[in-house]
Amino acid sequence: MDLTLKIWRQEGPQTKGEMKSYPIAGVEEDMSFLEMLDYLNEQLIDQGIEPVVFDHDCREGICGMCSLFINGEAHGPSRKITTCQLHMREFKDGDTIYIEPFRAKAFPIVKDLMVDRSAFDRIQRAGGFISVNTSGNTIDANAIPVPKEDADKAFDAATCIGCGACVATCKNSSAMLFASAKISQFSLLPQGQPEAKERVLNMVNQMDLEGFGNCTNTGACEVECPKGISLENIARMNRDYLLASLSSNK
Amino acid sequence: MALDSKIPAGVLADKWTKHKGEIPLVSPANKRLIDVIVVGTGLAGSSAAASLAEMGYNVKAFCFQDSPRRAHSIAAQGGINAAKNYQNDGDSVYRLFYDTIKGGDYRSREANVHRLAEVSRNIIDQCVAQGVPFARDYGGLLDNRSFGGVQVSRTFYAKGQTGQQLLLGAYSALNRQIAKGRVKMYARHEMQELVVVDGKARGIIAKNLVTGEFERHSAHAVLLCTGGYGNVFFLSTNAMGSNVTAAWKAHRKGAYMANPCFTQIHPTCIPVSGENQSKLTLMSESLRNDGRIWVPAQKEDAEGIRSGTLHPNDIAEEHRDYYLERRYPAFGNLVPRDVASRAAKERCDAGYGVNKTGEAVYLDFAAAIMRYGAEEAHVKGVKNASDADIKALGEKVVEAKYGNLFQMYEKITASNPYKEPMMIYPAVHYTMGGLWVDYNLMTTIPGCFALGEANFSDHGANRLGASALMQGLADGYFVAPYTVGEFLSKDIRTGTISTDSKEFEEAEKLVRERTDKFINNNGTKSVDYFHKRLGKIMWNEVGMARNEKGLKQAISDIKALREEFYANVRVLGSANGMNPELDKAGRVADLMELGELMAKDALERNESCGGHFREEYQSEEGEALRDDEKFTFVSAWEFTGVPAEANLHKEELTFENVELKTRSYK
């Protein structure tokens, strides 16, 4: 199929970017979206034009490195997938496709379609862990039974890949789905209890410091999340946050 | 240099405990004076960095991704083995040890493998304490499943995302240390050169991939946790960025490469669909618990399917060839990966393959769906359930077990695996070979260690499913943090290593020259153009089946390709600032040298073992023929300037606890 790509090009964080138009012919429907961009880049190199920079790595929907706002949607038109899992059969011959980076104040652009999501790492460092040393001499794993339902819910929250689609989609650029996924995972498990209060206070605090907005329950994040992380997690985080604020000694 | 594997003396089961007790300790006050560099933040790297920092060393960790959480360990699907015997099916440390040795086709070190089996149990305890949400049964206890090559259920899992959950666990431990200031994290940084001072690894030259700047980082020891080199085949299940550069730079500086030809071709991947494909996607081995693998028994049927006139569901049961069940009745669909891969290739080469390209076989869940459905109907007390009801119930069970994998498959192929069998074909997945290390995981360069997939030590010629995660975490959490003590205990008075030395100077100069050469090359072909050609040579001649003629051809073809690459590669943009094409060029340059060494290694190993199948050495039934008399050794290659002219050093493998037998899964 033949397509017209409108792609955001920006040399660096401080320079001004713009949408540039690239016609592309011979795209096959079995190509993934990123393979289509590889294909474009090969042609650009042949023409002596610098290839488009975008983040990607595992190309199987789990590393969370790929991003892209495609035709106004994080990770494109399909649900519960990342951009690398989007295939060109979702588009048709003659389509014009708009490709932009994830946009948020806390995600500055590095180059072209690549953004800096290190704010997410800093939120995790504020409390996204259980303080246990790695000696291996903890108690036997089966000495901590966890009801299956809780374990399953904790797992569902823990599947967050940290891609940032939730932030890019949210009109407030809120990172609450991201932060709440980790907070919920530990909140649902007995191992997470001793530090639960501090964790929620510190992680939410860091989220605010990074310049992410607040949640207004629009729910767009849940729709665009490639892993289907539930809004329920935000509710759980808010409840935990309220409890912690009222009862913490700090 | 004679290879000293430093295997401790004594009874197998006591070696590790005894050795651990004898490794010199570094006092807490002295640990603060010692710097350690960890390159790579997958399971091995994250866990090592976290553990070393927790012990008190100053750690610098590097990863080329934008966050340590994205290392490719994240993509491991099926599970992690541990000899917990929670299922009461007769598992033990010895059995896990034995299965791993046998699965590796008797080409790994007994002492290393036993240590791995011993610490496997601690991994599960550790991960659960960290909040890793493993799958649980209705009693709230941990659940297990089976993997290929074993007859017990010892695999712990978190749906089809076990690697993700374990890596996020290690990442959380790493984050805890970063937050304390014990680890300094350098994301979007790639190691470009190892710096060796007075014969010891004392630092690295790293490139800041965002600014293009080269940075000098010194340390008392360098740990390479940089994964495998499957991307030498271009198409593999590795991430796009996975590369051999860090390990190869160490190799060029004196670290031996061990068994580089031992490559794991995973039997269950989504088949290649077209020329523009950038990677292959794995379908977890866990699917072989319930999926039955078959091709049509009659060639006409296979042809009909390939031309699109027949549908797999039209082929009657008696016209299907469940070739694994037929050839290997004892293990059936759960034979080890190398065996399953070769069997698929054999059927496809014989003309029974099923997709358009003829290079695919079926993985069918219909029987499992009906079996689970009937069970569910019984449990729920549904009387006189129709086939459709049973099928619907069964599909729910299968969805709970493998939902994310089925969804992934459907997204890529646009075919629904609940309704028609999956199509799969073998693809490059894992490399058992890697940097040679002694029992302390130290390479032949003092102070340079290799952990996880980057080393060669535990899997012999074939890795069993769910053992890569086990090894990565074992090395990082429980082995290296102790064994580095032997080397570092001598460094308590050394003081900070200066980065102003001539060794750093020279290493940086080398890196700059390499970079400038690419930028100023003014060639006409892209990096990928060469990488794809390299991949084709590797897959055709150094892939699932190898022979002398092909391997010799590969060596000369790769040489020629390398020359062409340096003469004609085109890298646009500048060396200042972000330039992913430039980074890729450096990686592919190293893969090209490695490819040549792999072919050389495969050529010299005149036997078939594990993932290394030489067509000249097979039985009449097409099974691999090992030659224990001549080849019970590790091939450790010393770089001499040209990969194919590397010097071979042999580490003889002695088996004191296991009898060498022909592997049989029949």
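**Confidence, interface, sheet**

Chain B has a mean pLDDT of 96, with 100% of its residues at 70 or more; pLDDT is the predictor's confidence in each residue, from 0 to 100. For the complex, the predictor gives an ipTM of 0.98 and a pTM of 0.97. This is a predicted model, in which local features need pLDDT of at least 70 and side-chain atom pairs count only at pLDDT 80 or more, while totals for chains, interfaces and linings use all residues. Residues are numbered from 1 along each chain as its sequence is written, and chains are lettered from A and ligands numbered from 1 in the order in which they are written.

Now the interface. Here 68 residues of chain B are in contact with 66 residues of chain A, contact being C-beta atoms, placed from the backbone, within 7 Å. On the chain B side, α6(B) contributes the largest share, nine residues. Helices (H or I, at least four residues) and strands (E, at least two) are DSSP runs, numbered from the N terminus.

Next, the sheet. In chain A, five strands form an open sheet in the order β2-β1-β5-β3-β4, with mixed pairing; strands pair if DSSP finds at least two bridges between them. β2 (18–24) and β4 (73–74) of chain A are at the edges with a single partner strand each, so one side of each has no neighbour in the sheet. β1 (residues 3–9) and β5 (residues 96–100) of chain A pair in the parallel sense over four bridges. The bridge partner of T4(A) in β5(A) is T96(A).

Key: Contact = placed C-beta atoms within 7 Å.
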